[in-house]
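Hello,

Here is the structure we talked about. Please have a look at it, then read my notes below.

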Amino acid sequence: MFFIILGLFGGLGLFLYGMQLASEALQKYSASKIKNIFSKLTQTPAKGVGVGILITFLLQSSSAATVLLVGFVSAGLMSFSNAIGVIMGSAIGTTLTVQLIAFKVTDYALLLVAVGAGLLIFSDKKKARYAGQIILGFGLIFYGMGVMTAAMNPLKDNSVFTNLMLGLVNRPYLLLLVATAFTAIVQSSAATLAIAMSLAMEGVISIGAAIPIMLGANIGTTATALLSSLASSREAKRVALAFLIFKIIGVIAVIPFISPFVGLVLASSKDISRQIANAHTFFNVFITLLFFPVINWLSMLIYKLVPEKEDEIEDGKKVTKFIDENVLDVPDLALWQAKNEIIGMGKLVGDKMLSKLPLYVKSPTDGYLKYLMKKERQVDSLYVEISKYITALAERDLQEDQSQLQVKYLYVINDLEHVGDIVLSLSRGYHRALDEGAHFSGEDIEEFNAMFAKIKENYYKSLEAFSEDNYELAAEVLKGQPEILRLEKNLRFNHFCRMASPEGRTLDSSSTYLDMINDLLRINLHSVSISQTVMGIV
């Protein structure tokens with residue numbers, strides 16, 4: 001019994017490690033291409049299903065596909081109903097791996113290991129090394145499958161184990177729960193089904209026992225998304241909940257038709273491992289067809305269960321929307337997530353702080369100053385979280401272009417954080433001067449607003465240039481810098497002229513006003529810095 005257990009868990013370890021190797025290499029090799037596929041081909045739920053199948057098979061991970069999904073929904077690049085289509089497709093995509101496992105390739109597993117290890121160790125080319133890692137991963141998957149099957153062989157003659165399995169077969173719901181729990185622990189429905197195939201091939205269990213295991217594995221696989229969503233955005237919670245509801249209702253819908261379902265599975269092949277793989281595929285195709293006509297209804301249900309909340313970002317709570325530590329091992333995806341987070345940070349600084357300055361100058365209040373202080377704390381928190389995330393990438397094996405992006409992103413968040421600081425500093429100085437009885441002339445305020453309009457335009461241009469990697473737009477901000485400097489000199493000259501005039505009443509506010517003009521100039525310098533970063537001038 002000791003060696004049976006050793007063989008089972010040793011084989012399972014090889015299987016899971018092979019899955020991890022293959023998944024990691026596939027993600028690193030295809031991540032940048034996958035982002036483009038996601039953005040271009042998910043405009044409708046039907047296309048979403050197709051993309052979900054392809055992406056999940058390429059990534060060998062429904063959780064990695066889920067992370068991408070959350071990012072696109074959060075960024076407003078995909079509607080939630082279309083995202084549900086991708087979830088359905090990802091469920092079918094996971095079955096393709098199980099179909100591969102069902103092929104009788106265990107005899108060639110060591111050949112795959114040899115070829116894969118050879119490419120990985122002796123090749124200098126990155127693509128060849130990725131290919132080697134993928135081949136090695138699949139070799140270990142198939143070899144682990146063979147080890148588990150061999151370990152199960154003595155169990156068919158073990159009366160204690162066969163009686164236990166007979167008891168579980170008579171209690172399919174208990175078998176389903178055990179499979180759900182096991183899948184949640186190992187975080188791989190393919191691993192659970194591989195064990196079921198090994199047991200079935202040795203005649204330990206029948207297809208009647210394998211079906212509840214398959215159903216349990218489908219529910220258990222949602223645990224990864226659920227756990228990762230607990231500390232994530234509301235979009236992540238919605239995606240995870242949709243995944244869970246999709247699987248649970250699907251299992252409930254299949255149970256009344258279990259006899260014809262088993263008949264269909266038996267008719268699909270004479271080989272029991274192929275039958276289990278087919279059952280997995282049939283189930284996920286069936287529930288996709290069942291749910292597809294009611295995608296919009298399901299989307300509304302999820303929104304009711306996880307509704308929007310006003311101003312969710314509070315002190316002490318999670319401030320990030322996009323970044324997810326689960327994808328740090330896939331630098332392309334992690335950098336894409338970081339960029340989305342930086343764009344969100346830039347919009348927070350622009351929409352909630354910078355754009356409000358003219359209103360504040362016109363009607364300053366204590367309440368507004370407190371609002372600005374709160375937003376500045378949010379910006380500071382974002383700066384800390386994004387910095388930690390980007391620097392954590394340094395521990396991974398980054399390519400040169402990925403390392404350059406890492407540095408560029410650190411430059412940009414530093415500029416954005418400083419803009420937030422400057423806006424708050426400007427507002428505080430203005431508020432303090434008014435409290436001390438200072439008078440700002442109408443001409444001063446009018447010219448300040450005129451310069452502010454140029455500064456604001458350049459800020460948003462630089463943010464758009466960063467968002468779209470638009471060199472032309474970034475160049476416009478750089479070319480506009482001399483005009484801003486001339487404008488600043490004109491404002492100073494006009495202000496001094498008013499001070500020198502007989503009716504000049506701005507002496508008490510002069511120092512504060514000149515500081516405010518200088519603050520606008522500093523904000524523009526940060527916009528220029530962001531544009532330079534976009535153009536690679538760092």
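The protein chain exposes about 24200 Å², and carbon and sulfur atoms supply 61% of that area. Keep in mind that this is a predicted model.

First, the chain as a whole. Its secondary structure comes to 23 helices and 0 strands. Of its 538 residues, 53% count as buried. Take the contacts with a separation of 6 or more: 81% of them are between residues 24 or more positions apart.

Next, helix H16, which covers residues 331-352. The helix has 22 residues, and at 1.5 Å a residue they should span 32 Å. The end C-alpha atoms of H16 are 31 Å apart, which agrees. H16 is also mostly covered, with 18 of its 22 residues buried.

Now the start of the chain. Met1 sits in the segment before helix H1 (2-41). Is Met1 buried or exposed? Met1 has a relative accessible area of 55%, so it counts as exposed, the cut-off being over 50%. Together with Ile5 and Phe9, Met1 forms a nonpolar patch on the surface.

Best wishes

Key. Residues are numbered from 1 along each chain as its sequence is written. This is a predicted model: local features need pLDDT of at least 70, side-chain atom pairs count only at pLDDT 80 or more; totals for chains, interfaces and linings use all residues. Side-chain values use heavy atoms; hydrogens and water are left out. Helices (H or I, at least four residues) and strands (E, at least two) are DSSP runs, numbered from the N terminus. The expected span of a helix is 1.5 Å times one less than its number of residues. Buried means under 20% relative accessible area, exposed over 50%, partly exposed in between (1.4 Å probe, protein chains only). Patches are made of residues with over 30% relative accessible area and no salt bridge: like charges are joined within 9 Å, nonpolar side chains (Val, Leu, Ile, Met, Phe, Trp, Tyr) within 5 Å. Accessible areas come from the Shrake-Rupley method with a 1.4 Å probe; for residues, only the protein chains shown count as cover. A salt bridge is a side-chain nitrogen of Lys or Arg within 4 Å of a carboxyl oxygen of Asp or Glu. Contact means heavy atoms within 4.5 Å.
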